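Good morning, and thank you for coming. Please have the sequence and the structure open as I speak.

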Amino acid sequence: MNRIVVLLVIFSLGAFYLIGSNKEPPLEAYTVIPEVKIDSLTAERAYEEVMNVLMHPRCMNCHPTDDIPKQGMDRHPHYFGMSRGKENKGFSATKCATCHQEANNLNSGVPGAPHWSLAPASMGWQGLSRSEIAQRLLDPETNGGKSHKELVTHMTEDELVLWAWNPGVDANGIPRKKPPISEEEFKKAVEKWFDEGAPVPSK
Amino acid sequence: MKIALQVNGEHHSLEIADENTPLLWVVRDLLNLKGTKFGCGKAACGACTLHVDGEAVRSCSYAVKFADGKKVTTIEGLGNEEAPHPVQQAWLEHVVPQCGYCQPGFMMATAALISKNPKPTDEDIDKNIINICRCATYYRMRKAIHRAAELERQRLSLTPKNIENGEE
């Protein structure tokens, strides 16, 4: 019995010491792991992210296939019977710039950005599948003769493209919804996709 | 912000506290030109239409900073009693207005249209003159727009042969 009590006392003292010591191990004990940024963005993932943005109403609304710009998340036809016109900027006297200026108007809710206009008819995406949109985007015959490099520049620097992440407020003062990923994530996805040769999955 | 602009031929240099102030309020409240009207405030009805460098714009939704260094024309600058603009003459001939509130916007939109298309078709009018008139004077307006275009062609001494097809 006495032996058991002695053992319990020793065990308890040892436990208290271990719990109470709380000493950091010496720095030399750590293994220094070199910082390696793991790039999990594959070409396939980049493609999907790019397409998710391109198919968002902020982008699709100005890429119609019926020459009629769309508005809102429900993609309704632009009010007032507005249409493409001869130069993608509306009609001769009533054109995009009659209402849309070079910046969002937060008083009226009218959106704006430099060179506000519809995308050319050859770049109509509405109703197309993801891969069809990608093919139309990549084809110089439809994209205005742009190389991959020029497309990267267009998609990551053009102020009208990037307006999607600064879409202002609507007529009721409610902020417009932005594309599903951030501007920075989109730019990274665009660069990754084109770095990998802009593959378009066949599915 | 200092804004320098020309309104109906007169130069103005204005100190504007908020550069996003609608051009409409600058024209009406600072320059006391009350012909341009406030309608919806959302660039939807067209009552506030005026010209900036010859282009029709909805001034309720046009930040004054964009007018810096530009030429603005309001309904007061379109013409006068002695020398009415073809649009004003046509509006008089067809007694277009009812209450009249929206008419300056329609007239400015029409002036922009016939300056670019001196022989608009009904379809051209439908596409370009999209302002809203709650008195529904559209029927008289359409006739007046055709008449204004005719007067404009006479003014420019254009014959039907040398008028380009203005189809939109």
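Predicted model: local features only at pLDDT ≥ 70, side-chain atom pairs only at ≥ 80, totals over all residues.

In chain B, five strands form an open sheet with mixed pairing, and their order is β2-β1-β5-β3-β4. At the edges are β2, residues 10-15, and β4, residues 55-58, each of which pairs on one side only. From one strand to the next, the twist averages 40°.

Strand β3 of chain B, residues 49-52, runs antiparallel to strand β5 of chain B, residues 71-73, and two bridges join them. Which residue of β5(B) is the bridge partner of B:His51? That partner is B:Thr73.

We now turn to the helices. Helix α3(B) lies across β3 and β4 of chain B, and its direction is at about 40° to β3(B). Helix α3 of chain B, residues 103-116, also meets helix α5 of chain B, residues 138-155: their axes come within 10 Å and cross at roughly 40°. Because of this angle, α3(B) is oblique to α5(B). The crossing of α3(B) past α5(B) is right-handed.

Which residues make this contact? From α3(B) come B:Phe106, B:Thr110 and B:Ile114, and they meet B:Met141, B:Ile145, B:Ala148, B:Ala149 and B:Glu152 of α5(B).

Thank you for your attention.

Technical notes
Residues numbered from 1 in each chain as written. Chains lettered and ligands numbered in written order. Axes fitted to C-alpha atoms, helices over the stretch in contact; angles between N-to-C directions. Helix = DSSP H or I, 4+ residues; strand = E, 2+ residues; numbered from the N terminus. Parallel < 35°, antiparallel > 145°, perpendicular 65-115°, else oblique. Left-handed = near helix turned anticlockwise from the far one by under 90°. Contact = placed C-beta atoms within 7 Å. Pairing = 2+ DSSP bridges.
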